[in-house]
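Here is my note on the structure you asked me to look through. Please keep the display open beside the text as you read.

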Amino acid sequence: MNIAWYIVLSSLLFAIGAVGILVRRSPIVILLCLELMLNAGNLALVAFSREVGNQQGQIFALVVMVVAACEVVVGLGILVAIFRRKLPMNVDDLRELRG
Amino acid sequence: MEAVLFFIGAIGAIGGAIGVVVSRNPFYSVLALIAHLFSLAVLFLLLTSAFVAAAQVVVYAGAVMVLYVFVVAYVGEGGESAWEPIPGQRFLAPLLGVALFVELSVAVLSSALKALETHGPSVGAGFGNPAAIGNLLLEKFLLPFEATSILLLIAAVGAIVLANKQKSKEDAGSAALTQRNREAGDGGASPGHSAAVPRPEEGPAAPAPTQGARA
């Protein structure tokens with residue numbers, strides 16, 4: 001398969017993740033859609049790394065995985081804190097910090 | 001054969017992604033994301049990056065998704081409200097998604113990257129295997145590698161602080177008392193507290209309301 005197929009697939013997955021973030025209201029699902037977008041970026045990185053025949057793009061993908069793990073840990077910590085304070089699990093109701 | 005595997009992986013990835021977005025129950029969203037991650041691992045294998053595929057399955061689909069399942073089970077489903085802050089957002093968002101997809105595809109495909117239309121250069125059998133990635137990580141990219149480890153540490157500490165129980169205001173003074181009790185109770189037995197300054201005049205007289213103060 002041509003590398004272009006992988007790139008097009010990656011942009012499609014990125015667009016699906018972006019739509020999910022815009023449409024859904026539950027913070028958990030928004031975090032999941034964020035994972036979708038990060039994985040689309042990973043796929044593009046690995047595909048470009050294959051295109052130029054250089055393994056350094058795969059290192060980038062691994063670093064993106066680590067950053068995604070950190071984001072998950074902090075995001076889920078915030079979710080648990082929201083749950084403990086009996087706040088609504090809805091991003092439209094959690095708008096106190098909105099400027 | 002490669003094309004068949006690619007389309008299987010691509011359909012799995014797209015189906016998983018759509019499943020994440022449209023599932024009503026967050027638990028099904030997590031399961032769909034796991035399917036999506038496995039399909040992506042197939043695509044990574046097709047791109048001859050074995051180590052990234054293995055890390056994807058073990059770390060991502062294994063560990064991170066278990067964390068998600070725990071939190072979904074702890075927090076519960078949480079109904080979605082029908083109220084929209086921006087009118088027509090549910091119809092505008094897919095339009096924006098389509099526009100984003102077209103724009104990204106056009107931007108990449110109309111670029112002057114000639115190698116996009118090829119399979120990429122022929123690489124040896126060692127391309128992307130753990131030995132090659134390990135060499136790169138520990139020699140050329142040692143500093144970013146250590147920086148990500150510090151980032152992980154900071155994230156772990158931040159999660160503990162965030163998910164910790166909030167102390168009420170009248171407990172503000174009892175935190176110090178708890179700490180003092182702990183020092184007095186442990187004495188010098190535990191190696192972690194051996195460096196603490198001993199306070200012999202306060203040690204035995206203090207009561208032990210440790211559990212009550214924390215609840």
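The points below go from the contact between the chains to single residues.

1. Basis of the note. This is a predicted model, in which local features need pLDDT of at least 70, side-chain atom pairs count only at pLDDT 80 or more, and totals for chains, interfaces and linings use all residues. Residues are numbered from 1 along each chain as its sequence is written, while chains are lettered from A and ligands numbered from 1 in the order in which they are written.

2. The contact between the chains. Chain B brings 74 residues to the contact and chain A brings 63 residues, where two residues are in contact if their C-beta atoms, placed from the backbone, lie within 7 Å. On the side of chain B that touches chain A, at least two residues each come from helix 1, helix 2 (26–46), helix 3 (50–75), helix 4 (89–109), helix 5 (130–140) and helix 6 (142–163) of chain B; helices here are DSSP runs (H or I, at least four residues), numbered from the N terminus. Helix 4 of chain B gives the most to this side, with 12 residues. By class, this side of chain B has 55 nonpolar, 14 polar and five charged residues, with Ala, Val, Leu, Ile, Met, Phe, Trp, Tyr, Cys and Pro counted as nonpolar, Asp, Glu, Lys and Arg as charged, and the others, Gly among them, as polar.

3. Helix 2 (residues 27–52) of chain A packs with helix 1 (residues 2–22) of chain B at an angle of about 155°, their axes being 9 Å apart. Helix 2 of chain A is therefore roughly antiparallel to helix 1 of chain B, a term for angles over 145 degrees, just as roughly parallel is for those under 35 degrees. A:Leu32, A:Cys33 and A:Leu36 of helix 2 of chain A make this contact with B:Ala17, B:Val20 and B:Val21 of helix 1 of chain B, and by class the contact has six nonpolar, no polar and no charged residues.

4. B:Gly158 lies in helix 6 of chain B and touches A:Val74 and A:Gly77, not counting residues up to four places away in sequence. B:Gly158 is partly exposed because 15 other C-beta atoms lie within 10 Å; a residue is buried with 20 or more such atoms, exposed with 12 or fewer, and partly exposed in between.

5. Most residues other than glycine have a negative phi. A:Lys86, in the segment after helix 3 of chain A, has a positive phi near 60° although it is a residue other than glycine. B:Thr48, in the loop between helix 2 and helix 3 of chain B, likewise has a positive phi, of about 50°, and is not a glycine. Is each of them buried or exposed? A:Lys86 counts as exposed because it has 6 C-beta neighbours inside 10 Å, whereas B:Thr48 counts as buried because it has 22.

Methods:
Axes fitted to C-alpha atoms, helices over the stretch in contact; angles between N-to-C directions. Parallel < 35°, antiparallel > 145°, perpendicular 65-115°, else oblique.
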